[in-house]
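Here is a short tour of one structure, written for someone who likes to keep the model open while reading. Please have the viewer ready and follow along.

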Amino acid sequence: MAMIDPYGSRLYKDYEKVMKDFGLEQLPDLPEENRLMRRGVVFASRDLKPVVKAMEERKPFYVLTGIMPTSERIHLGNKMVVENVAYFQKHGAQTYILVADLEAATARGVSLEEAKKRAMDFHIPSYIALGLDPKKTTFYFQSENSNVINFAYEAAKKITLNEFKAVYGSADPGRIMAAVTQVGDILFPQFEERMPGVIPVGIDQDPHIRLTRDVVNRMKDRKFFSPAAIYNKFTPSLDGELKMSKSRPHTCIELPDDPKKVCKKIMRALTGGRESVEVQRKKGGIPEDCMIFELYKQHLIEDDKELQKIHDDCKAGKLLCGEDKQHCCELMERYMKKLKKDIEAARKNVDKLNFIRF
Ligand code: TRP
């Protein structure tokens, strides 16, 4: 049986380049890797060894991410981040989720009230529906965390404008405020006790990781651990572009999405099919070029054998695109229905969450 090439996507060259350009490392061996890690969707890491060591020795370490409450939708990239948070949580990490209400205010013009309401009504229930254990998670709002804000002022003193431009490409004041606040977020779990921590991100969030690591280096006397990170690939757009974008709605799947609409989008997706049924029966399809296969691999099929069978049947010309799209539709519809139900259920318990109040 041919193994599924973890980089078996037409987009792999982009990620090889990203790793070189940003100086990222391969993912070290991890115990009981999740679907994303096993399949190379988590494609790189930074400084993860101290985290792995803490995991193995059952010493304290943490995992943290932030919620950006700009709209009542999340995307498949958020889903991957939550799944990776849940992985480390399961393996003993102290878990922190913050609501980036200050960032939403300064970078997107969302009021603090709106941001908070949205986070409680939608984002946090969604994160729980996606696998986060609320009982083992500590939450806070940026706007309430004066420790983070005070630290952001200190961090600001360690960064020059030129450096900021080099990391972010631009440097408008709102962005700077949000970025130094995020440095505070990333180090917050260490304010009480120094320990390694990992921030699971999409590659677009790497500037924050690098900036935080630079700040830590310039505060040597504070003895913070530099944050580690793991990086997931993007879920490609259904037309084959590197990343889904809301600006092209018919190629972008949101969470939750209307099951019927999702199906329509899937039916129009780019596949690795051939010019005719006859040719495809003879030569087989190309799963590496297929957005449907990418959806299975990243999101819809948990069982490796089941995924491998689809891969092999496609390559052998046994499984054709029409039938395969129908299958994908069914899985996606089922997924969306369940997700909606799980979000509703989680929403009922938001008053019991462990929020730090300052
Ligand atoms: N900037 C992140 C976003 O746009 C949100 C965020 C704020 C965050 N603080 C964080 C993410 C700390 C990871 C870690 O989604």
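Let's start with Met177, which is placed in helix 9 (helices are DSSP runs of H or I with at least four residues, strands are runs of E with at least two, and both are numbered from the N terminus). Met177 counts as partly exposed because its relative accessibility is 48%; buried means under 20% relative accessible area, exposed over 50%, and partly exposed in between, with a 1.4 Å probe and protein chains only. Its C-alpha atom is separated by 38 Å from that of Lys338, 161 residues apart along the chain.

A word on the source: this is a predicted model, in which local features need pLDDT of at least 70 and side-chain atom pairs count only at pLDDT 80 or more, while totals for chains, interfaces and linings use all residues. Residues are numbered from 1 along each chain as its sequence is written, and side-chain values use heavy atoms, with hydrogens and water left out.

**The ligand and its shell**

Helix 9 (173–187) matters here too: together with strand 2 (62–67), each supplies at least two residues of the shell around the ligand. The largest share, three residues, comes from helix 9. Among the residues around the ligand are Leu64, Met68, Glu103, Asp185, Ile186 and Gln205, where a residue is near if one of its heavy atoms lies within 4 Å. The shell divides into six nonpolar, four polar and two charged residues.

| Side chain | Distance to a ligand nitrogen atom |
|---|---|
| Glu103 | 2.9 Å |
| Asp185 | 2.8 Å |
| Gln205 | 3.4 Å |

Taken alone, the ligand exposes 370 Å², and the protein buries 90% of that.

Glu83 is in helix 4 (residues 76–90) and counts as buried because its relative accessibility is 14%. How far apart are the C-alpha atoms of Glu83 and Leu132? They are separated by 7.6 Å, although the two residues are 49 residues apart along the chain.

Lys265 belongs to helix 11 (residues 259–267). At 13% relative accessibility, Lys265 counts as buried. Its side chain makes a polar contact with the side chain of Asp257 at 2.8 Å (a pair of N or O atoms within 3.5 Å; within protein, one must be able to donate a hydrogen and the other to accept it, and residues adjacent in sequence count only if both atoms are side-chain atoms). A polar atom of the Lys265 side chain also lies 2.8 Å from the backbone oxygen of Cys252.

Key:
Areas by Shrake-Rupley, 256 points an atom, 1.4 Å probe, with all protein chains shown as cover. Nonpolar A, V, L, I, M, F, W, Y, C, P; charged D, E, K, R; others polar.
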